[in-house]
Protein chains: 2
Amino acid sequence: MAELPGNLLVAQSGGPTAVINASLAGVVQEAGRNECIQEIFGGANGILGILNEDLIDINEEKAKTIEALRHTPAAALGTCRYKLDFKGRPEQAAADMDRLFEVLQAHEIRYFIYIGGNDSQDTSHKIHEEALKRGYELRVVGVPKTIDNDLPFTDHCPGYGSVIKYNATTVMEVGIDVASMATEDGACCIVEVMGRSAGWIAAGTVLAKRGNPASPPHLILLPELVFDEEKFLAKVSETVQAHRYCVVVAGEGIKNAAGEEVGADKTHLDAFGHPVLAGVAEKLKQVVEGRLKLKTRTAMLGYAQRAAEHCASLADSNNAFACGEAAARAAVAGPSGSMVKIVREAGVDGSASWSTGLQPLADVANVEHLVPREWITEDGFLPNEKFIEYARPLIEGEVAVPMENGLPNYARLEGVRVEKKLPPR
Amino acid sequence: MAELPGNLLVAQSGGPTAVINASLAGVVQEAGRNECIQEIFGGANGILGILNEDLIDINEEKAKTIEALRHTPAAALGTCRYKLDFKGRPEQAAADMDRLFEVLQAHEIRYFIYIGGNDSQDTSHKIHEEALKRGYELRVVGVPKTIDNDLPFTDHCPGYGSVIKYNATTVMEVGIDVASMATEDGACCIVEVMGRSAGWIAAGTVLAKRGNPASPPHLILLPELVFDEEKFLAKVSETVQAHRYCVVVAGEGIKNAAGEEVGADKTHLDAFGHPVLAGVAEKLKQVVEGRLKLKTRTAMLGYAQRAAEHCASLADSNNAFACGEAAARAAVAGPSGSMVKIVREAGVDGSASWSTGLQPLADVANVEHLVPREWITEDGFLPNEKFIEYARPLIEGEVAVPMENGLPNYARLEGVRVEKKLPPR
């Protein structure tokens with residue numbers, strides 16, 4: 001396509017990951033190599049900052065800071081969960097869209113790259129379509145990002161490899177701890193992980209087993225399958241009889257047969273006859289201790305898992321960076337309206353390498369990709385070899401984080417703001 | 001003292017840590033250098049295994065496995081929480097003591113090294129006194145171990161440096177995550193850490209601030225001070241106004257003015273009018289969301305923090321190893337009845353080096369060492385410079401863990417059992 005001189009705007013959206021900044025570094029470094037891109041701006045806190053004309057002048061950042069983003073967790077530009085919600089709040093969304101194009105026009109933005117998950121790809125798609133409708137020449141490219149790994153078409157989502165590397169390491173370590181404490185009385189430990197309605201994160205902890213059935217995790221509860229309390233308890237019992245202990249990994253979004261989230265289940269009562277409401281791990285603990293009289297401990301890793309740069313996957317970080325580079329290239333080359341995807345090229349001995357491709361945003365928006373049933377064992381309590389073959393290469397290699405006084409050194413953008421040209425929103 | 005030919009028995013007790021195996025490696029390697037020590041046995045699951053005559057023949061282990069214990073978390077010999085409880089169950093305790101000496105005698109044990117926390121030092125002390133009473137020549141030496149850091153006389157306890165290195169890293173990472181998500185609506189995140197009634201672990205996360213008042217953690221709730229809900233909420237509000245977000249670290253054992261544990265507090269009701277019972281972080285979340293209308297997330301690291309070898313402190317691991325070596329040396333040299341302690345030698349520029357010393361077990365048993373009030377800021381919400389000066393050197397350096405396919409490689413003992421000589425207990 002014809003060269004399109006103008007400025008590039010990049011922003012980050014949704015929950016941060018250990019490698020979303022690696023994608024940002026890829027965008028910025030590749031954009032810097034293209035002469036048709038004049039200025040590089042960052043939206044502060046995603047679309048929300050753009051609406052507020054709160055733009056960061058990335059050319060003011062030091063090159064070494066941009067490089068250091070490759071080992072810095074969370075969203076350096078700031079992020080948001082703001083949606084252009086045409087269904088729920090159509091008037092607000094229409095006003096937002098007008099404002100957005102005012103800002104794009106005022107700052108001569110011709111390239112817009114949005115790094116995010118399902119909702120953000122949907123936002124990118126809407127902006128792409130709106131630009132066509134308005135006849136405003138804009139190259140929109142989406143960069144995939146989500147620890148949940150639930151975007152379609154891409155082999156995996158940047159952020160996923162790192163979260164499962166950290167979680168598998170944690171489950172391995174917790175497992176050794178619980179095993180060393182276990183006596184004839186038996187012991188159970190439940191680790192709650194993120195992933196919402198997708199089981200990818202929970203499934204990834206299977207790598208801690210290294211193919212040994214006796215090693216933890218012994219059970220993985222995936223939201224893709226219905227949680228059956230009786231079968232679950234039977235499996236815990238069986239495991240404790242065989243190994244003295246049982247490590248369970250539970251996806252936060254598992255549901256019972258009635259379709260209710262187990263972590264928010266109000267049908268179970270504690271010793272005082274009151275409902276238990278504190279998440280899946282606490283709920284399952286209550287069930288295991290109450291019904292099996294088995295001492296149970298929990299861990300609920302929360303945000304720790306998605307920000308764990310100190311245990312991030314190099315394969316993941318490199319792929320995140322490559323997606324950023326590919327997005328900037330695709331924006332320059334045109335046409336508008338794609339998401340970068342990762343394409344797997346099978347290697348030898350279970351290794352893998354990857355390249356990038358493009359997928360129309362129209363295909364991607366609001367499609368949720370779950371763990372396929374044929375990647376799960378028949379009894380539903382563990383992912384099988386097919387899953388392991390898929391996941392193992394994603395955690396290869398370690399991101400080298402510079403240390404100072406025993407703690408990681410993470411980069412921080414200067415965040416010099418671009419002068420505003422419009423009245424406040 | 002005179003040379004005492006015989007066998008050495010080493011065992012691990014209480015909650016595991018990232019470096020309790022480094023102490024074991026120190027004991028075994030130093031014992032192997034002493035000719036008066038003939039065989040080296042390990043008690044499987046601490047005193048419980050000894051009572052069951054369940055002994056591991058450590059001479060059957062490969063030298064490289066023993067060396068690999070220096071980077072392997074949890075208790076390789078197994079551990080227990082079994083007590084010689086002369087107050088609560090005097091008859092059982094007396095029978096246990098008889099059985100214990102039968103086992104020691106049957107296996108010609110002349111050296112007994114017990115690696116553990118407060119309760120274990122008490123057990124060692126009782127065994128030492130009993131040996132004197134019985135005229136059974138036995139050299140008992142305790143090795144300090146506890147993530148809680150609440151043993152007296154020793155500068156710090158092996159295990160503590162690693163847990164605060166991991167927790168400070170986690171709080172730093174979670175803090176960057178929450179900061180990048182924070183918009184004008186504000187956000188709060190509460191991280192619950194271990195330590196029971198001692199605040200050492202919670203206090204250690206202050207290192208994540210690196211001296212910057214704006215950096216997380218913004219508040220640290222120590223069990224040493226009474227939890228005051230009003231002051232706490234005021235501080236959270238103030239912090240969110242200043243920085244848009246607030247990261248709180250809460251010791252699991254914090255108590256209110258009535259002396260009740262906040263995590264088990266039954267005076268607060270949830271939206272259904274029922275008590276909240278799921279730990280401190282969940283409890284505080286309820287309070288912050290309910291009273292400040294501030295979106296709040298929690299992380300409850302549980303066992304993950306005490307087994308996190310992948311983020312262990314080299315200074316801590318080296319000190320743990322040195323304590324093990326010193327214990328074997330002290331046992332050979334005699335007399336019986338000491339705990340190894342770590343002695344700090346101040347270095348330049350806030351650095352430190354350490355040597356080991358000995359403290360009579362009689363002084364140590366059942367004394368709990370808490371965070372001194374003068375190491376906490378006046379308002380009670382953060383440890384001060386005195387604490388930081390103490391804690392900073394403890395997290396220096398990283399334990400190099402060998403990796404395979406993206407995950408740590410941890411050692412596992414063969415665990416060949418010593419032939420039993422006695423009838424079952």
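The legends below accompany close-up views of a predicted model.

**Figure 1. Helix H5 of chain A and its surroundings.**
Helix H5(A) comprises residues 118-134. Buried positions in H5(A) are Asn118(A), Ser120(A), Gln121(A), Thr123(A), Ser124(A), His125(A), Ile127(A), His128(A) and Ala131(A). The elements of chain A that cover these buried residues include helices H2 (46-51), H4 (90-106) and H11 (361-364), together with strands E4 (109-116), E5 (139-144) and E12 (338-346). Just after the helix, Gly135(A) adopts a positive phi of about 65°.

**Figure 2. Strand pairing around E10 of chain B.**
Strand E10(B), residues 338-346, pairs with strand E5(B), residues 139-144, in the parallel sense over 2 bridges. Within this pairing, Gly142(B) has Met339(B) of E10(B) as its bridge partner. E10(B) also pairs with strand E11(B), residues 352-360, here in the antiparallel sense and over 9 bridges. Ile342(B) stands opposite Thr356(B) of E11(B). The hairpin formed by E10(B) and E11(B) has 5 residues between the strands, and Asp349(B) in this hairpin takes a positive phi near 55°.

**Figure 3. Strand E11 of chain A and its parallel partner.**
Strand E11(A) spans residues 296-300. Strand E6(A), residues 187-193, runs parallel to E11(A) and is joined to it by 5 bridges. One of the bridge pairs consists of Cys188(A) and Thr296(A), the latter lying in E11(A). Strand E11(A) is mostly covered, with 4 of its 5 residues buried.

**Figure 4. The contact between chain A and chain B.**
In this contact, 58 residues of chain A meet 58 residues of chain B. On the chain A side, helix H6 (160-181), strand E11 (296-300) and strand E15 (407-408) each supply at least two residues. Helix H6(A) gives the most to this side, with 12 residues. By class, the chain A residues that touch chain B divide into 32 nonpolar, 15 polar and 11 charged.

**Figure 5. The two assigned domains of chain A.**
The domain assignment places residues 6-148, 308-367 and 397-408 of chain A in domain 1, and residues 160-305 in domain 2. The C-alpha centres of the two domains of chain A lie 34 Å apart. Their contact takes 11 residues from domain 1 of chain A and 15 residues from domain 2 of chain A. The side of domain 1 of chain A that touches domain 2 of chain A has 7 nonpolar, 2 polar and 2 charged residues.

**Figure 6. The largest nonpolar core.**
The largest nonpolar core has 282 residues. Those with the most contacts inside the core are Ile113, Val248 and Ala327 of chain A, and Ile113, Val248 and Ala327 of chain B. Leaving aside neighbours within four places in sequence, Ile113(B) is in contact with Leu8(B), Val10(B), Val27(B), Val141(B), Val143(B), Ala327(B), Ala328(B) and Ala331(B). In soluble globular proteins, nonpolar side chains tend to be buried together.

**Figure 7. Cis peptide bonds in loops of the two chains.**
Most peptide bonds are trans. In chain A, a cis peptide bond joins Gly334(A) and Pro335(A), with omega about -5°. Pro335(A) lies in the loop between helix H10(A), residues 314-333, and strand E12(A). In chain B, the peptide bond from Pro216(B) to Pro217(B) is cis, with omega near 0°. Pro217(B) is placed in the loop between helix H7(B), residues 200-204, and strand E7(B), residues 219-221.

Most residues other than glycine have a negative phi. Phe153(B), however, has a positive phi near 75°. Phe153(B) lies in the loop between strand E5(B) and helix H6(B), residues 160-181. Phe153(B) counts as partly exposed because it has 17 C-beta neighbours inside 10 Å. Arg244(B) likewise has a positive phi, near 75°. Its loop connects helix H8(B), residues 229-243, with strand E8(B), residues 245-251. With 17 other C-beta atoms within 10 Å, Arg244(B) is partly exposed.

Technical notes: Residues are numbered from 1 along each chain as its sequence is written. Chains are lettered from A and ligands numbered from 1 in the order in which they are written. This is a predicted model: local features need pLDDT of at least 70, side-chain atom pairs count only at pLDDT 80 or more; totals for chains, interfaces and linings use all residues. Two strands pair if DSSP finds at least two bridges between them. The expected span of a helix is 1.5 Å times one less than its number of residues. A residue is buried if 20 or more other C-beta atoms lie within 10 Å of its own, exposed if 12 or fewer, and partly exposed in between; C-beta atoms are placed from the backbone. Two residues are in contact if their C-beta atoms, placed from the backbone, lie within 7 Å. Ala, Val, Leu, Ile, Met, Phe, Trp, Tyr, Cys and Pro count as nonpolar, Asp, Glu, Lys and Arg as charged, and the others, Gly among them, as polar. A nonpolar core is a set of buried Ala, Val, Leu, Ile, Met, Phe, Trp, Tyr and Cys residues joined through C-beta atoms within 7 Å. Domain bounds come from an automatic or database domain assignment.
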